[in-house]
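I'm opening my notebook on a new structure today. I'll jot down what I look up as I go.

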Amino acid sequence: MSEQVEQDWLDRKLQEAAPYIEDDGFTARVLRALPQPARRGEFLRSFILVGMSALASALTYVLSDGGRFLVVEMFKITTIPTLWVVAFALASGLLVMAGGIFAATSKTTQLESSIG
Amino acid sequence: MELTDAALVARVLVDEDQNAYGELVRRHQSSIRGLLRQLTRGDVALADDLAQDAFVRAYKNIRSFRGEAKFSTWLYRIAYNCFREDARKRKELVGIDEEQWQAEHDPQTVDPGLRHDLMHALSLLPLHERSAVLLCCQNGLSHEEAARVLEIPLGTVKTNVLRGREKLKKTLATWAE
């Protein structure tokens with residue numbers, strides 16, 4: 001057997017001697033052992049949202065003469081007919097429910113695509 | 001369409017997408033586990049532990065992967081380092097070394113069957129020759145890639161492959177006829 005043929009034969013036999021190893025849950029074990037992804041920027045985002053809300057509230061309070069508009073608006077609400085209040089509560093409930101259904105559907109689709 | 005390794009790595013880097021990393025593990029688990037099984041002389045449990053350690057280490061250090069080499073070459077390097085560190089620890093703990101193992105495994109006791117003979121002949125090679133032969137001849141890495149994985153000069157890799165091949169050929173001479 002020539003040198004090159006011998007070399008090729010040996011390489012081929014070495015490759016044949018290393019069959020494909022089935023996963024058998026190995027990937028799942030590795031994924032379980034991975035560190036959880038760092039939630040980068042989440043603290044900053046919360047801080048900005050809470051900070052801006054607090055600032056907006058303070059500004060509104062100051063600019064509205066100590067929140068006097070609240071008293072006025074509350075008085076207006078008490079004069080609204082009962083039927084209107086019921087209709088408003090019903091519409092709010094439907095809106096919240098629709099939002100919940102939309103969020104649940106999109107989350108399910110996202111989970112299905114990540115599993116599949 | 002199947003994403004390339006580079007695209008999956010990008011997803012891991014940008015979104016910390018563990019599903020993308022899972023796909024990379026699925027693609028390379030066989031070759032990495034296979035290499036480690038050969039390096040640990042068939043100790044499947046130890047090889048799988050080292051492979052898991054290597055993949056977790058690769059995930060933690062994925063930002064240091066610059067894409068200059070193939071992702072698989074980078075993985076081989078990490079796996080080989082895991083093996084080397086473990087071998088060093090074991091040697092310190094139980095005092096096993098290459099020469100002792102070779103002395104205990106007489107080539108005359110080889111059972112029939114080419115595959116068995118080949119694996120046995122491979123396991124008798126010194127670690128530096130075995131690693132080079134496994135990477136270049138079995139896993140198809142170029143000499144340059146193997147040099148990067150083993151962190152040794154290119155010329156040394158070539159010498160180790162040549163010597164390892166010669167020894168294997170001698171041991172398996174009857175099969176090649």
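This is a predicted model: local features need pLDDT of at least 70, side-chain atom pairs count only at pLDDT 80 or more; totals for chains, interfaces and linings use all residues.

Entry 1: I looked up the pLDDT for chain A, and the average is 84, with 91% of the residues scoring at least 70.

**Entry 2: the build of chain A.** I counted 5 helices and 0 strands in chain A. Going along the sequence, I get the pattern α-α-α-α-α. Then I checked burial: of the 116 residues in chain A, buried ones make up 3%.

**Entry 3: where the chains meet.** I found 24 residues of chain A in contact with 26 residues of chain B. On the chain A side, helix 1 and helix 2 each supply at least two of the touching residues. Which helix gives the most to that side? It's helix 1 of chain A, with 8 residues. I also sorted the chain A side by type and got 15 nonpolar, 4 polar and 5 charged residues.

**Entry 4: one residue up close.** I picked F26(A), which sits in helix 2 of chain A. Is F26(A) buried or exposed? It is buried, because 20 other C-beta atoms lie within 10 Å, and the cut-off for buried is 20 or more. Leaving out residues up to four places away in sequence, F26(A) touches Q29(B) and D48(B).

**Entry 5: the core.** The largest nonpolar core has 48 residues. L36(B), A54(B), A79(B) and A146(B) have the most contacts inside it. Domain 1 (1-96) and domain 2 (99-177) of chain B each put at least three residues into this core. I followed up A54(B): setting aside neighbours within four places in sequence, its contacts are I32(B), L75(B), I78(B), A79(B) and C82(B).

Entry 6: Last, I looked at helix 6 of chain B, residues 114-124. Its buried residues are D117(B), L118(B), A121(B), L122(B) and L124(B). On the face of helix 6 turned away from the buried side, I found the exposed residues R115(B) and H116(B).

Notes
Residues are numbered from 1 along each chain as its sequence is written. Chains are lettered from A and ligands numbered from 1 in the order in which they are written. A residue is buried if 20 or more other C-beta atoms lie within 10 Å of its own, exposed if 12 or fewer, and partly exposed in between; C-beta atoms are placed from the backbone. Helices (H or I, at least four residues) and strands (E, at least two) are DSSP runs, numbered from the N terminus. pLDDT is the predictor's confidence in each residue, from 0 to 100. Two residues are in contact if their C-beta atoms, placed from the backbone, lie within 7 Å. Ala, Val, Leu, Ile, Met, Phe, Trp, Tyr, Cys and Pro count as nonpolar, Asp, Glu, Lys and Arg as charged, and the others, Gly among them, as polar. A nonpolar core is a set of buried Ala, Val, Leu, Ile, Met, Phe, Trp, Tyr and Cys residues joined through C-beta atoms within 7 Å. Domain bounds come from an automatic or database domain assignment.
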